[in-house]
Amino acid sequence: QVQLAESGGGLVQPGGSLTLSCVGSGTFFSVFDMGWYRQAPGKQRELVAVSTSGGSTNYADSVKGRFTVSRGKGKNTVDLQMNSLKPEDTAVYYCNADGGVVLGKHYNYWGQGTQVTVSS
């Protein structure tokens, strides 16, 4: 059974920092893209940052220069270092692992989500 376990959410003041961590189990994550999405109240879930299986990274324009995504050596962990946090970063953050479509099946997994609240 594939599982993604997130940790590190919480309440932080504007301008502060927070690190989210995600640990995957149950499959070989080295062939997966792993990253983070977020969903604010009343809004659609959006991509925040992703670390691809090939070693590249992609970020939403709104977080470029403030957030950093990184994979662990075992490739089954992904962290999101968030700096200079703004109130608009407040959302539930979800870890995602996407292995693409293989023989007609899309291997895509989600964590349970962790709340990040940026407020004074």
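**Figure 1. Cys22 and Cys95 are both buried, and a disulfide joins them.** Buried denotes under 20% relative accessible area, exposed over 50%, and partly exposed the range in between, with a 1.4 Å probe and protein chains only. The model is predicted, so local features need pLDDT of at least 70 and side-chain atom pairs count only at pLDDT 80 or more, whereas totals for chains, interfaces and linings use all residues. Residues are numbered from 1 along each chain as its sequence is written, and side-chain values use heavy atoms, with hydrogens and water left out. The sulfur atoms of Cys22 and Cys95 lie 2.1 Å apart; a disulfide is a pair of cysteine sulfur atoms within 2.5 Å. A search of the whole structure finds one disulfide. The torsion about the S-S bond of Cys22 and Cys95 is about -80°, so this disulfide is left-handed. Cys22 belongs to strand 3 (residues 18-25) and Cys95 to strand 9 (residues 91-102), so the pair ties together parts that are 73 residues apart in sequence. Strands are DSSP runs of E with at least two residues, numbered from the N terminus.

**Figure 2. An open sheet contains four strands in the order 1-3-8-7, with antiparallel pairing.** Strand 1 (3-7) and strand 7 stand at the edges with a single partner strand each, so one side of each has no neighbour in the sheet. From one strand to the next, the twist averages 15°; axes are lines fitted to C-alpha atoms, and angles run from 0 to 180 degrees between N-to-C directions. Two strands pair if DSSP finds at least two bridges between them. Strands of a sheet pair through backbone hydrogen bonds, either parallel or antiparallel. Five bridges join strand 1 to strand 3. Gln3 has Ser25 as its bridge partner in strand 3, and Leu4 stands opposite Gly24 in strand 3.

**Figure 3. Strand 3 and strand 8 run antiparallel and are joined by six bridges.** Thr19 stands opposite Gln81 in strand 8, while the bridge partner of Leu20 in strand 8 is Leu80. In a regular strand the side chains alternate between the two faces of the sheet. The covered face of strand 3 holds Leu18, Leu20, Cys22 and Gly24, and the uncovered face holds Thr19, Ser21, Val23 and Ser25. In strand 8, Val78, Leu80 and Met82 form the covered face, and Thr77, Asp79 and Gln81 form the uncovered one.

**Figure 4. The largest nonpolar core has 26 residues.** A nonpolar core is a set of buried Ala, Val, Leu, Ile, Met, Phe, Trp, Tyr and Cys residues joined through side-chain atoms within 4.5 Å. Met34, Trp36, Val48, Phe67, Leu80, Met82 and Tyr93 touch the most other members. Strand 3, strand 4 (33-39), strand 5 (46-51), strand 7 (67-71), strand 8, strand 9 and strand 11 (114-118) each give two or more residues to this core. Strand 9 gives the most, with four residues. Leaving aside neighbours within four places in sequence, Met82 is in contact with residues including Leu18, Leu20, Phe67, Tyr93 and Val116; contact means heavy atoms within 4.5 Å. Met82 is also the bridge partner of Phe67, in a pairing of strand 7 and strand 8 that has five bridges.

**Figure 5. Asp89 occupies the loop between strand 8 (77-82) and strand 9.** Its relative accessibility is 0%, so Asp89 counts as buried. The side chain of Asp89 makes a polar contact with the side chain of Arg38 at 3.0 Å. A polar contact is a pair of N or O atoms within 3.5 Å; within protein, one must be able to donate a hydrogen and the other to accept it, and residues adjacent in sequence count only if both atoms are side-chain atoms. Apart from neighbours within four places in sequence, Asp89 is in contact with Arg38, Arg66, Phe67, Ser84, Val116 and Val118.

**Figure 6. Ser84 and Leu103 are shown for their backbone angles: Ser84 has a positive phi of about 50°, and Leu103 has a positive phi of about 50°.** Most residues other than glycine have a negative phi. Ser84 is in the loop between strand 8 and strand 9, and its relative accessibility of 39% makes Ser84 partly exposed. Leu103 lies in the loop between strand 9 and strand 10 (105-110), and its relative accessible area of 88% makes Leu103 exposed. Lys75 takes a positive phi near 65° in the hairpin of strand 7 and strand 8, which has five residues between the strands.
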